[in-house]
Amino acid sequence: MNSVQGLLAASVISIQNSCFTYPACQNCFSRLILDSRRFHCLKCGCTGEAKDASYRYRLSLKIADTNDLFDITVFGSCLDPFFGVTAENLQRYIQDFNQLSGETNTESSTRALVHAVETCFIGKRFIFGV
């Protein structure tokens, strides 16, 4: 699943999602189900305390090469250099910011992050391993 079949040079046309991190199972990388105190992985059955859940990047993009449009999703630590921190730390910074600012509506911090990601990626050309 992690082996690269080929390389594709393409430009990012748009960002397809506004949530760039997700709680991930440390065993199988599937999305965890979180409640206020516990997490559970539906795929492998892993469980634990919600505060111990780790996070992983997930960035869905619409890209174009010279001939075609593609929808792709980039996962994991390969995005660390672009965000400047791990997904776990980004998630922590967002939570801390929302708590310190007294934000009950996280829309403004989400909007600011989406704008930053769009500025970083849209119109830029990258080589994607597919």
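Q: Why is Glu107 called partly exposed in this predicted model?
A: Glu107 has a relative accessibility of 46%. The partly exposed class lies between under 20% for buried and over 50% for exposed, so 46% makes Glu107 partly exposed.

Q: What makes the contact of Glu107 and Arg111 a salt bridge?
A: Their side chains meet at 2.8 Å, N to O. The cut-off is within 4 Å, so this pair qualifies.

Q: Where do Glu107 and Arg111 sit in helix α3, and how far apart are they?
A: Helix α3 covers residues 107-121, and the two are four residues apart there, so about one helical turn separates them.

Q: How do you know that Asp71 and Lys62 form a salt bridge?
A: The N to O distance between their side chains is 2.9 Å.

Q: Are Asp71 and Lys62 buried, partly exposed or exposed?
A: Asp71 has 55% relative accessibility, which is over 50%, so Asp71 is exposed.

Q: Why does the pair Lys51 and Glu49 count as a salt bridge?
A: The closest N and O atoms are 3.9 Å apart. Since the limit is 4 Å, the pair counts.

Q: What makes Lys51 exposed?
A: Its relative accessible area is 66%, and exposed means over 50%, so Lys51 belongs in that class.

Q: Which residues are linked with Lys51 in a network of salt bridges?
A: Glu49 and Asp52 are linked with Lys51 in that network.

Terms used: Residues are numbered from 1 along each chain as its sequence is written. This is a predicted model: local features need pLDDT of at least 70, side-chain atom pairs count only at pLDDT 80 or more; totals for chains, interfaces and linings use all residues. Side-chain values use heavy atoms; hydrogens and water are left out. Buried means under 20% relative accessible area, exposed over 50%, partly exposed in between (1.4 Å probe, protein chains only).
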